[in-house]
Amino acid sequence: MGDMEEVKRRIQKRKYKKRVIDDDNYYSEQKSDGGVFNKLYKRAIRFMVLVVLILGFLTFVKLNPKNEFVRSVFNDNFDFSSMNEYIDNTIGSIIPFFNLDNILSVSADNKYELIDGNYFRNDSSNVVNISSGVVTEVGSNELIGDFVKVTQDNGIVVTYGKLVDIDVSLYDRLKAKEIIGKFDQKVFLVFEKDAVEISYEDAIKD
């Protein structure tokens with residue numbers, strides 16, 4: 001009888017040890033799974049913060065192309081027009097705010113009629129961009145007043161002068177027929193290829 005009691009006691013002791021081991025393994029697995037989740041969660045948060053910071057910086061660059069910091073950093077170290085084109089083509093397709101199609105007006109015609117010398121006119125008072133390119137200079141001088149210079153994708157540089165209103169900013173990427181600004185009676189146009197002035201007819205051939 002005593003032997004039977006001893007056997008039962010040993011069996012119960014073994015079951016207790018197994019349960020303790022199983023419980024330890026369970027809590028260990030739970031702790032391990034929780035650790036992996038916490039790591040993934042922290043990495044996801046860090047990634048989201050990084051994305052927000054990058055988008056915030058790109059927004060600042062886009063809205064402040066004339067800022068001293070932006071111009072000194074990007075003009076000295078990067079091809080800013082290429083970067084701006086990349087922003088418009090990639091981020092702009094995701095975030096409508098960056099897409100200039102929603103900002104700039106488009107004219108039905110981008111043809112000009114020669115008046116005299118470098119002075120032209122069209123059927124409206126809008127200065128219409130002739131071909132796709134990037135705004136590489138916005139300024140003013142005594143000869144042609146307020147002006148915008150566009151470096152086209154085909155290598156031709158067009159200066160639009162005598163403007164009374166300007167709707168674009170430095171480093172904006174423009175498409176053909178987008179409105180640059182307005183003029184009064186006549187607009188001043190100069191076309192250059194490889195630093196040599198060319199005629200309007202030669203300019204629109206390319």
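Val49 is found in helix 1, which covers residues 2-63; helices here are DSSP runs of H or I with at least four residues, strands are runs of E with at least two, and both are numbered from the N terminus. The model is a predicted one, in which local features need pLDDT of at least 70 and side-chain atom pairs count only at pLDDT 80 or more, while totals for chains, interfaces and linings use all residues. Residues are numbered from 1 along each chain as its sequence is written, and side-chain values use heavy atoms, with hydrogens and water left out.

With a relative accessible area of 46%, Val49 is partly exposed, a class lying between buried (under 20%) and exposed (over 50%), computed with a 1.4 Å probe and protein chains only. Val49 contributes to a nonpolar surface patch of about 840 Å², together with Phe37, Tyr41, Ile45, Phe47, Met48, Val51 and Leu53. Such patches are made of residues with over 30% relative accessible area and no salt bridge, nonpolar side chains (Val, Leu, Ile, Met, Phe, Trp, Tyr) being joined within 5 Å and like charges within 9 Å. The accessible areas come from the Shrake-Rupley method with a 1.4 Å probe, and for residues only the protein chains shown count as cover.

## Confidence

The chain averages a pLDDT of 76, and 59% of the residues score at least 70, pLDDT being the predictor's confidence in each residue on a scale from 0 to 100. Over residues 93-103 the pLDDT is below 50, and in the model this stretch has 21 contacts beyond near neighbours in sequence, a contact meaning heavy atoms within 4.5 Å.

## Salt bridges

The count comes to four salt bridges when each is taken as a side-chain nitrogen of Lys or Arg within 4 Å of a carboxyl oxygen of Asp or Glu. One of them links Lys149 and Glu137, whose closest N and O atoms are 3.5 Å apart. Because Lys149 lies in strand 5 (residues 145-152) and Glu137 in strand 4 (residues 133-141), this pair ties together parts that are twelve residues apart in sequence. Lys149 is partly exposed at 22% relative accessible area, and Glu137 is partly exposed at 33%.

Arg121 forms another salt bridge with Glu113, again with 3.5 Å between the closest N and O atoms; Arg121 is partly exposed at 39%, as is Glu113 at 44%. In helix 5 (residues 200-205), Lys205 and Asp202 are three residues apart and so are separated by about one helical turn, and their side chains meet in a salt bridge of 3.5 Å, N to O. Here Lys205 is exposed, with a relative accessible area of 65%, whereas Asp202 counts as partly exposed at 35%.

## Strand 8 and its partners

Strand 8 (residues 179-193) runs antiparallel to strand 2 (residues 119-121) and is joined to strand 2 by two bridges, two strands being paired if DSSP finds at least two bridges between them. Within this pairing, Phe120 has Val187 of strand 8 as its bridge partner. Three bridges join strand 3 (residues 126-128) to strand 8, also antiparallel, and Asn126 stands opposite Lys182. Strand 6 (residues 156-166) is joined to strand 8 by nine antiparallel bridges, with Val158 partnered by Phe191.

Strand 8 also pairs antiparallel with strand 9 (residues 196-198) through three bridges, where Glu192 stands opposite Glu197. In the hairpin of strand 8 and strand 9, two residues lie between the strands, and Asp194 takes a positive phi near 55°.
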